[in-house]
Amino acid sequence: MSIQLPAKASAVVIGGGVTGSSVAYHLAKLGWTDVVQLERKQFSCGTTWHAAGLIGTMRANENHAKLAEYSMSILAQLEQETGQSTGFRQVGSLSIAHSDARFEELKRVASMNNVFGVTQVDILTPSEIKEVYPLLETSDLLGGSWVPHDGYASPVDVTMAFVKGARKLGAQCIEGVTVADVVVKDGRVRGVTTDHGDIETDYIVNCAGMWARTLGKQSGVNIPLHACEHYYAVTEKLDDLPDDLPVMRDHDQCAYYKQDAGSLLVGAFEKHALAWGQNGIPQDFCFDELEGHMEEQLMPVLEDAMARVPRLQKTGWRKFFCGPESFTPDDQFHMGEAPEVKNYFVAAGLNSIGIQSSGGLGKALAEWIIEGHPPLDLWGNDIRRMYPFQGTQYYLENRVTETLGLLYDNHYPYRQMETARDIRHSPVHERLLARGACFGEAAGWERPNWFAPQGLEPKYEYSFGKQNWFEYSALEHRAAREGVVLFDQSSFSKYLIQGRDSLGILQRISSANMDVAPGKMVYTHWLNERGGIEADLTVTRLSENEFFAVSGAAVSGKDMNWLRRYIPCDAHCIVNDVTNAWSVFGVMGPDSRAMLSDAIQHDFSTEHFPFGAVEEVEVGGAVGRAARVSYVGELGWEIYLPVDQARHGFDWLVRKGESHGLKMAGMHALDSCRIEKKFVHLGHDIGDEDTPLECGLGFVCDMNKDIAFIGHEAIAKQKETGAWKGKRLVQFLLQDPEIMLYHHEPILRDGKMVGHLTSGNYGHTLGGSVGLGYVYEEDGVNLEYIESGKFEIEVGGVAIAATASLSAMYDPKAERMRG
């Protein structure tokens with residue numbers, strides 16, 4: 001039968017797996033009924049068909065939990081709409097722990113998810129686990145977690161339900177059509193070319209799964225993902241296997257278990273996976289299996305399974321399976337609009353959670369496409385977070401061998417990736433290494449997180465308590481508070497904005513007033529139309545038509561995309577990412593002025609060098625800039641030096657700092673200092689759903705400047721109605737100095753949950769763990785509300801007394817850094 005393609009479509013969805021089918025369905029449901037979905041072979045023939053179909057709702061953040069809950073709830077609706085069964089069985093899911101670390105993680109995750117209000121997670125004893133899952137050997141278990149409404153579904157049936165639903169709404173879902181290329185003109189999508197003709201369209205969604213990266217490359221779009229071998233085994237039929245047997249996960253042994261048509265399926269997420277498809281994915285791949293490496297990869301997991309479920313020792317196996325699954329560098333799926341091409345959207349790299357994410361992902365992306373912005377803060381999945389080096393073959397085929405296993409590995413705080421490291425180095429990397437730096441990775445940068453004493457190996461020993469580096473970082477923290485330290489902050493993103501229209505454009509984008517004298521640094525936000533925070537950065541005016549912006553290490557792709565989005569095509573404004581041109585050394589602490597005065601022939605007094613000033617300086621033989629600013633809450637300067645002069649400048653500062661007791665300090669100390677000062681962190685404490693008023697930074701919004709900033713109307717409305725008072729960022733200090741805070745711990749006021757933490761660290765000066773988090777109260781969160789309530793933070797199911805404050809507990813008037 002010949003295939004007739006329409007000449008035009010509002011959007012073309014490329015890929016016929018569960019993700020593409022969900023996107024097509026939700027676009028049609030929102031009114032784009034002429035959407036076209038194209039599948040090169042048959043629906044679900046890539047990786048969807050061999051998925052286990054687990055449906056779980058327990059997630060690491062609130063918005064992912066919302067997406068997962070919707071993914072579950074849509075299944076019944078699809079069955080009603082289409083008459084197509086999804087095979088969904090709500091049998092519950094059980095996770096077990098036979099190590100202290102795993103049990104601590106399960107308890108923390110349970111607390112976290114319970115505060116989200118999306119799902120109910122219960123902590124079970126070993127005897128209760130035995131009741132729920134009688135087949136288990138429980139003598140060595142410490143406990144587990146139980147989610148009653150989880151379950152599993154049939155991946156192929158879920159896919160076909162989306163397809164039938166989309167077709168019923170008017171969408172054309174077509175098999176047997178290969179997309180050869182995406183037509184791009186003037187930087188935006190114009191159509192697709194296929195082996196059955198062309199379709200004109202303004203939007204495409206790349207849901208091509210394992211092929212998404214290759215297809216993206218053809219249009220210059222970076223979609224870092226790579227296939228890995230993924231394994232499971234299925235037993236012979238077990239006559240007495242309970243039909244309602246829950247899904248069971250044994251993370252410590254890298255295994256999951258589910259009832260499968262009267263058999264038991266045991267799947268593996270081994271810690272050291274094997275990449276597949278290094279030379280490309282075959283174009284004729286269709287419901288294919290891989291030969292795999294059963295003995296090395298699957299058999300150790302099955303041996304452990306036979307000890308965990310003794311019944312398996314006397315049961316035959318009828319199927320050993322290996323198939324490909326796509327994984328990403330950070331174990332987070334990709335979605336959103338690609339920064340390289342306008343209206344080129346991506347939904348791919350599901351990291352083996354495609355079935356349980358499909359409904360929510362499809363709905364969120366459809367709303368994103370139609371409304372022009374994501375419906376939730378999904379920065380952790382935004383394709384703009386990826387960097388070009390992360391799309392290289394070398395990087396991906398090494399990194400994904402780790403990310404597959406990371407799904408079931410312990411998610412320790414501060415855990416660092418071990419594969420595909422040493423990609424981006426500061427010019428002084430080797431000097432820091434020689435001084436005992438233990439490096440962590442951020443956007444590929446190797447950054448010193450802490451420094452080990454001489455003779456001690458700088459290596460993490462992970463736990464959920466005080467880790468092995470705790471006291472070393474405490475010394476760095478105290479040196480920043482009491483003496484002088486040097487941070488290598490070269491990983492900060494840096495942008496140069498030039499041209500006669502640059503001031504006007506920055507005035508429109510920035511919430512603060514950019515029309516300042518040259519040599520002045522301004523702290524500002526870039527807001528969206530809803531008043532949410534898209535960027536948190538400083539901008540320095542260098543001259544009349546030249547500005548220098550500094551932002552976080554991991555957001556340059558997002559920032560540059562946002563900046564360029566609001567530069568009219570006829571404007572005289574040129575933007576360049578100059579991150580790699582400048583090194584930054586933060587010299588911080590009460591003794592920083594004395595040290596820098598010895599090292600640099602310049603007047604660093606407040607009278608001649610006030611807070612926010614930026615001046616040219618000579619650091620030995622290097623010429624750069626000094627900026628008086630601080631993210632630690634102490635007197636300090638950031639020294640900017642060209643990378644070719646950075647090592648000389650670093651050596652000069654270190655040598656001159658010896659007589660002042662200069663100490664090297666890492667990112668952990670920087671973070672512990674900033675959280676004591678209640679300085680926010682983009683991506684944790686603030687994001688595109690949070691406004692400056694809600695997080696206590698309303699001062700960055702100049703409501704009266706000549707050019708109204710993006711989001712001005714939303715901020716004005718919040719000010720007028722006082723709506724922001726119902727959600728406010730509060731600082732907490734635990735009264736028990738031994739308990740550690742990290743993020744997402746529930747906030748209790750008089751025993752009632754009123755929010756959760758957005759970030760946490762130890763406050764070595766304040767004497768306990770410090771957390772920041774939004775507190776919600778319809779009648780308003782004010783000083784009386786804070787002082788009249790009893791606050792606690794729930795850590796692993798235990799409520800810990802906490803002191804709460806709307807202002808910073810450390811130096812609330814900022815006298816130390818401005819004095």
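Trainee: How many aromatic pairs does the structure hold?

Mentor: 33 aromatic pairs. Phe, Tyr and Trp rings (for Trp, the six-membered one) pair if their centres lie within 6.5 Å; planes under 30 degrees apart are stacked, over 60 edge-to-face, and the rest tilted. Keep in mind that this is a predicted model, where local features need pLDDT of at least 70, side-chain atom pairs count only at pLDDT 80 or more, and totals for chains, interfaces and linings use all residues. Numbering runs from 1 along each chain as its sequence is written, and side-chain values use heavy atoms, leaving out hydrogens and water.

Trainee: Is the Y203 and F345 pair stacked or tilted?

Mentor: Tilted, with 6.3 Å centre to centre and 35° between the planes.

Trainee: Where do Y203 and F345 sit in the chain?

Mentor: They are 142 residues apart: Y203 is in the loop between strand 12 (197-201) and strand 13 (204-206), and F345 is in strand 20 (residues 344-348). Strands (E, at least two residues) and helices (H or I, at least four) are DSSP runs numbered from the N terminus.

Trainee: And why does F345 count as buried?

Mentor: Because its relative accessible area is 3%. Buried means under 20%, exposed over 50%, and partly exposed in between, with a 1.4 Å probe and protein chains only.

Trainee: What about Y232 and F321, stacked or tilted?

Mentor: Stacked, at 4.7 Å centre to centre with 20° between the planes. Y232 is in strand 14 (residues 226-235) and F321 in strand 18 (residues 317-327), 89 residues apart. Y232 is buried, and F321 is too.

Trainee: Switching to charges: which ring does R625 lie over?

Mentor: The ring of F548, at 5.1 Å from the ring centre. K727 has its charged end over the ring of Y774, 4.7 Å from the centre. To count, NZ of Lys or CZ of Arg must be within 6 Å of the ring centre and within 35 degrees of the ring normal.

Trainee: OK, E402. Where is it found?

Mentor: In helix 9 (residues 393-406).

Trainee: Buried or exposed?

Mentor: E402 counts as buried because its relative accessibility is 7%.

Trainee: What does its side chain make a polar contact with?

Mentor: The side chain of T419, at 2.6 Å. A polar contact is a pair of N or O atoms within 3.5 Å; within protein, one must be able to donate a hydrogen and the other to accept it, and residues adjacent in sequence count only if both atoms are side-chain atoms.

Trainee: Which residues is E402 in contact with?

Mentor: Leaving aside neighbours within four places in sequence, K271, R415, Q416, M417, E418 and T419. Contact means heavy atoms within 4.5 Å.
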